[in-house]
Amino acid sequence: MQTMMRTTLLVLALVPWGAESALAQAYPPPASGPPPASGPPPASGPPPASSPPLASSPPLASNPPSQSGQYSSNEVIDAGHRFFGTISRGLAEIVEKAGSQWGLPNGYVLGQEAGGAWVAGLRYGEGMLYTKNAGDRWVYWQGPSLGFDFGGDGARTMMLVYALPATDAIYQRFVGIEGSAYFVGGLGMTALSFNNIVVVPVRSGVGLRLGANVGYLKFTPTSTWNPF
């Protein structure tokens, strides 16, 4: 009987220690560096002059993405798979096709658009421009098109952006590059360019408007019905 009581008391004494140990493993305390080594007291004298605070630069209207802010093909493909979902088959091939021509993008847009055409057409869209180290911003785009292009569509759109010197540089007109249309696995890719910046819309949706068309897209910071 005494042996059983001693065993019970020993178990009760070890339970808090075991629970504390388990909690310590599940939620380890933040790592702290070694305590500073004690040394001789500092020599008396005037206190060292503190460094002046860095002067804050005025806010920039546009942030330039650095060269290290490029997205790898795997990063773009992963973002596209999450965005397009089950209809993203062929995305890897399109990304590789674009990469072989323009390198690695330093930005991309995820959004949606709607448009229609009967020889002459219009397209409107909106989405978010993502960059690695220059911030993200909302963009809108509009544009006309001319050519053998018939029908209407509503599409999820991913735009790869190459050689973007600053985030505000997206707000201008980009003209279609002739012969850049490419279609695979339910996705369509075209390319637009201005001042060495290349924007490659990758679209999927109801009706890809596979006709050959010539036009431009105008990117703006606010929505507008004026496509010109």
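The largest nonpolar core in this predicted model has 22 residues. Phe84, Tyr108, Met158, Leu160, Val200 and Val202 touch the most other members of this core. Helices H2 (73-84) and H3 (91-102) each supply at least two of its residues, as do strands E1 (107-130), E2 (137-162), E5 (187-189) and E7 (197-206). The largest share, 5 residues, comes from H2.

**Inside the cores**
- Met158 touches residues including Val76, Ala79, Gly80, Phe83 and Phe84.
- Met158 also touches Tyr108, Val109 and Leu110, along with Val200, Pro201 and Val202.
- A second, separate core has 15 residues, among them Trp141, Met159, Val161 and Leu192.

**A buried lysine**
- Lys218 lies in strand E8, which spans residues 213-220.
- Is Lys218 buried or exposed? Lys218 is buried, yet has no salt bridge.
- The nearest side chain of opposite charge belongs to Glu126, 14 Å away.
- A polar atom of the Lys218 side chain lies 2.9 Å from the backbone oxygen of Asn226.
- Asn226 is one of the residues Lys218 touches; others include Tyr140, Trp141, Gln142, Pro227 and Phe228.

**The whole chain**
- The chain holds 3 helices and 8 strands.
- From the N terminus on, the order is α-α-α-β-β-β-β-β-β-β-β.
- Of its 228 residues, 34% count as buried.
- Among contacts with a separation of 6 or more, 70% join residues 24 or more positions apart.
- The chain exposes about 14,100 Å², and carbon and sulfur atoms supply 64% of that area.

Key
Residues numbered from 1 in each chain as written. Predicted model: local features only at pLDDT ≥ 70, side-chain atom pairs only at ≥ 80, totals over all residues. Heavy atoms only, no water. Helix = DSSP H or I, 4+ residues; strand = E, 2+ residues; numbered from the N terminus. Buried < 20%, exposed > 50% of the residue type's maximum accessible area, 1.4 Å probe, protein only. Lys, Arg positive; Asp, Glu negative; His and termini not counted. Salt bridge = Lys/Arg side-chain N within 4 Å of Asp/Glu carboxyl O. Polar contact = N/O pair within 3.5 Å; in protein donor to acceptor, adjacent residues only side chain to side chain. Contact = heavy atoms within 4.5 Å. Core = buried A, V, L, I, M, F, W, Y, C linked by side-chain atoms within 4.5 Å. Areas by Shrake-Rupley, 256 points an atom, 1.4 Å probe, with all protein chains shown as cover. Lists of a residue's contacts leave out its neighbours within four places in sequence.
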